[in-house]
Amino acid sequence: MNNRVLITGGLGQLGWELSRTKPPKWEVWITDVYEMDITQEEVVAKVFRELRPNIVINAAAYTAVDKAEEEEELAFRVNRDGVINLARVSKEIGSRLVHISTDFVFNGLSGVPYRPEDEPAPLNVYGNSKLAGEKALEKIYPKGSVVIRTAWLYSTHGNNFVKTMLRLFQKSSLLRVVCDQVGTPTWAFNLARFIWFVVDHFDEFSKGRRYHFTDAGVASWYDFAVAIEEETRSWRTHSVEVVPIPSRDYPTKAIRPPFSVLDKESAWKMWNEKPEHWRKALRRMLEELYNSKEWSFG
Ligand SMILES: NC(=O)c1ccc[n+]([C@@H]2O[C@H](COP(=O)([O-])OP(=O)(O)OC[C@H]3O[C@@H](n4cnc5c(N)ncnc54)[C@H](OP(=O)(O)O)[C@@H]3O)[C@@H](O)[C@H]2O)c1
């Protein structure tokens, strides 16, 4: 087999982190919706037949959780039908497929971290569409694919909670943030490095098929916002008070799981690195953003 890796959704935050963490041994082809819309079966087939990638990393997804409530068809087209296209063509060519999924496949009513084998029960359209993608992949190409579920991603690249908070800190000295949804903030850079490890050890990971990966520790969105405020305070001209509020005071179109913590034991056991606590990872990402001079902390 050749050393070609095809990455879908390459312009998203995870796709971008995958590009910059690529180990030298892999020759990487980055695509996004403009080069290869994963919902277009013929386009996908053409690219695969030309490139014949050894490995495909599917980082493409419809990720607008609230908008998905109104765009159900589109969410399913990308998150289910797109995965079906990738699974079918990967099977035909013999490419191995690493697919990324989400904590939102669970309803969050558990009090203990979700294991990969726990029963999913999504609460919203996005979660349902991602679960439909997982199920289709399991049916079409179980032997040639691995699913990695993650959560609460952020990066210096793209839109995410960290950047939203930084933007709001510039405009306001008081911010209300929900404190009754708990999960694990995860730097997409760390996830990308884990994914490359899976690519390098695909045969071992394919025995388990489904894994969970986030940074270490837990936090509410409120804790996360407080940490972002504290870590960046010395770079701003004013401090911001972050106030905890219940989810009922911040209604959203999509219902979100109250407890999104994933059990990472099986993934971490196989990884050759020590998982990083989310707060330490956040500090590193913010330093990177600060040093890039692309962000004005004001
Ligand atoms: N972000 C999170 O907090 C989070 C949490 C749990 C799991 N995940 C999962 O992690 C993966 C990566 O997420 P991310 O945060 O990197 O998402 P992202 O930043 O939204 O990136 C997704 C990329 O896929 C592209 N895309 C959308 N439709 C496509 C299509 N039909 N064909 C090809 N590309 C398409 C998007 O393009 P456009 O921007 O032009 O639409 C975007 O560049 C996804 O599977 C997501 O479900 C994310």
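The following questions and answers concern a predicted model of one protein chain.

Me: How many helices and strands does the chain have, and what is its radius of gyration?
Reply: The secondary structure of this predicted chain comprises 10 helices and 12 strands. For 298 residues the globule rule gives 19 Å, and the chain comes close to that value, so it is as compact as a globular protein of that length. The radius of gyration is 19 Å.

Me: What percentage of the residues of the chain count as buried?
Reply: The C-alpha atoms fill a box of roughly 55 × 40 × 35 Å along the principal axes. A residue counts as buried if 20 or more other C-beta atoms lie within 10 Å of its own. Of the 298 residues, the buried share is 45%.

Me: Which residues of helix 2 are buried, and against which helix do they pack?
Reply: Helix 2 covers residues 41-51, and its buried residues are Val44, Val47 and Phe48. Seen down the helix axis, these residues fall within an arc of 95°, so they line one face of helix 2. The buried residues of helix 2 pack against residues 72-93, which form helix 3.

Me: Which exposed residues does helix 2 carry on the face turned away from its buried side?
Reply: The buried side of helix 2 holds Val44, Val47 and Phe48. The face turned away from that side carries exposed residues, namely Glu42, Arg49 and Glu50.

Me: Which residue follows helix 2, and what is its phi?
Reply: Helix 2 ends at residue 51. Arginine 52 follows helix 2, and the phi of arginine 52 is positive, near 45°.

Technical notes. Residues numbered from 1 in each chain as written. Predicted model: local features only at pLDDT ≥ 70, side-chain atom pairs only at ≥ 80, totals over all residues. Buried ≥ 20, exposed ≤ 12 C-beta atoms within 10 Å, placed from the backbone. Helix = DSSP H or I, 4+ residues; strand = E, 2+ residues; numbered from the N terminus. Arc of directions from axis to C-beta. Contact = placed C-beta atoms within 7 Å. Rg over C-alpha atoms; globule rule 2.2 N^0.38 Å.
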